[in-house]
Amino acid sequence: MDPFYASSILFLGLSFGSFLNVCIYRLPLGLSVVTPRSQCPRCKHLIAFYDNMPVISWLILRGRCRQCKTRISPRYLFIELLTGALFLGCYAYFGLTLATFKYCAFGFLILGLIFTDAETKLLPDKLTLPGLALGIIFSLLVPVNDLASQFLSGVVNLPFSADVSTRLLSLLDSLLGAALGVAAAAAQDTGAKQDMKDAGQDTKDAAKDTGKATKKTAKKATNKAAKKTKQGANKVDDKTKPSPSDNK
Ligand SMILES: [Zn+2]
């Protein structure tokens, strides 16, 4: 491991981890990850660049905002360190190759998805869709060698050199995976929409029932009231009728 490259990649990983923190906080809220600059969630003070350095700033400030001293979650530090370690691990394993680049990108997206999911139960399209596109591109550059592509190379015989065939089969494998993922997402989307429709129908039905019940109760009450009025009128009638004794 070259110490210069290793420290550069570690620094790159820590910086990407810092950016990932921004993504995890802002993407579920539908906010831009570029502007405005980072600010304290409580006092809204813009964070100066020297207070926004990965890991170091958190340690110097001991996990507090410089202005209002609000605590900043250790999760920020943890994600920066995790991303840094991941990048360094990829370099240690794959060296200075395209594979390192591929697994760093994959790891970055996966970490973002894991922590966003844990916090908000959401997987933002802004992380999944670029991941889909990157996966397809990288399948040509750094061929995958999973069960599906081994199976494909056994069944499909392409009229190309071994290297080109491997890349094309890797692309086919990746496209199949992407199609499966898109189909599953679409199915889930339709299911969720149906659920919402059903829930809406239930509410409507319930409202109708309530309406009916209210009408019934109202009718009963009106009938009763009418009956009573009638009875009352009869009684009054009886009283106003001249009694036979009056004529005497
Ligand atoms: Zn603050």
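1. A word on terms before we start: two residues are in contact if their C-beta atoms, placed from the backbone, lie within 7 Å. With that in hand, look at Thr 70, which lies in the loop between H2 and H3. Leaving aside neighbours within four places in sequence, Thr 70 is in contact with Cys 40, Arg 42, Cys 43, Arg 64 and Cys 65. The C-alpha atoms of Thr 70 and Arg 42 are 7.2 Å apart, although 28 residues separate the two along the chain.

2. Please keep in mind that this is a predicted model, in which local features need pLDDT of at least 70 and side-chain atom pairs count only at pLDDT 80 or more, while totals for chains, interfaces and linings use all residues. Residues are numbered from 1 along each chain as its sequence is written.

3. Now the overall picture. The chain has seven helices and zero strands, so from the N terminus on its elements read α-α-α-α-α-α-α; helices (H or I, at least four residues) and strands (E, at least two) are DSSP runs, numbered from the N terminus. Of the 248 residues, 17% count as buried. Here a residue is buried if 20 or more other C-beta atoms lie within 10 Å of its own, exposed if 12 or fewer, and partly exposed in between, with C-beta atoms placed from the backbone. Among contacts with a separation of 6 or more, 62% join residues 24 or more positions apart.

4. Helix H1 covers residues 3-26. Its 24 residues reach 35 Å from the first C-alpha to the last, close to the 34 Å expected at 1.5 Å a residue; the expected span is 1.5 Å times one less than the number of residues. Buried residues of H1 include Ile 9, Gly 13, Leu 14, Phe 16, Asn 21 and Tyr 25. What do the buried residues of H1 pack against? They pack against helix H3 (74-94) and helix H4 (98-120).

5. Next, H3 with H4. Two packed helices are described by the angle between their axes and the distance between the axes. The axes of H3 and H4 come within 9 Å and cross at roughly 155°. That makes H3 roughly antiparallel to H4. Axes are lines fitted to C-alpha atoms, for helices over the stretch in contact, with angles running from 0 to 180 degrees between N-to-C directions; angles under 35 degrees count as roughly parallel, over 145 as roughly antiparallel, 65 to 115 as roughly perpendicular and the rest as oblique. The crossing of H3 and H4 is right-handed, where right-handed says that the near helix is turned clockwise from the far one by less than a right angle, and left-handed that it is turned anticlockwise. Residues making the contact include Leu 82, Leu 86 and Phe 87 of H3 and Tyr 103, Cys 104 and Phe 108 of H4. By class, the contact of H3 with H4 has 13 nonpolar, three polar and no charged residues. Ala, Val, Leu, Ile, Met, Phe, Trp, Tyr, Cys and Pro count as nonpolar, Asp, Glu, Lys and Arg as charged, and the others, Gly among them, as polar.

6. H4 itself has 23 residues, which should span 33 Å at 1.5 Å a residue, and its end C-alpha atoms are 33 Å apart, in agreement. Among its buried residues are Thr 100, Lys 102, Tyr 103 and Leu 111. The cover over the buried residues of H4 includes H1, H3 and helix H5 (125-141).

7. How do H4 and H5 meet? Their axes come within 11 Å and cross at roughly 160°. H4 and H5 are therefore roughly antiparallel to each other, and their crossing is left-handed. Lys 102, Leu 109 and Gly 112 of H4 are among the residues making this contact, as are Leu 127, Leu 134 and Phe 138 of H5. The contact of H4 with H5 divides into eight nonpolar, two polar and one charged.

8. Finally, some backbone spots to look at. Most residues other than glycine have a negative phi, and most peptide bonds are trans. The peptide bond from Thr 35 to Pro 36 is cis, with omega near -10°, and Pro 36 sits in the loop between H1 and helix H2 (56-60). Lys 44, in the loop between H1 and H2, has a positive phi of about 65° although it is not a glycine. Is Lys 44 buried or exposed? Lys 44 is exposed, with 10 other C-beta atoms within 10 Å. Val 55 has a phi near 60° and counts as partly exposed, with 16 C-beta neighbours inside 10 Å.
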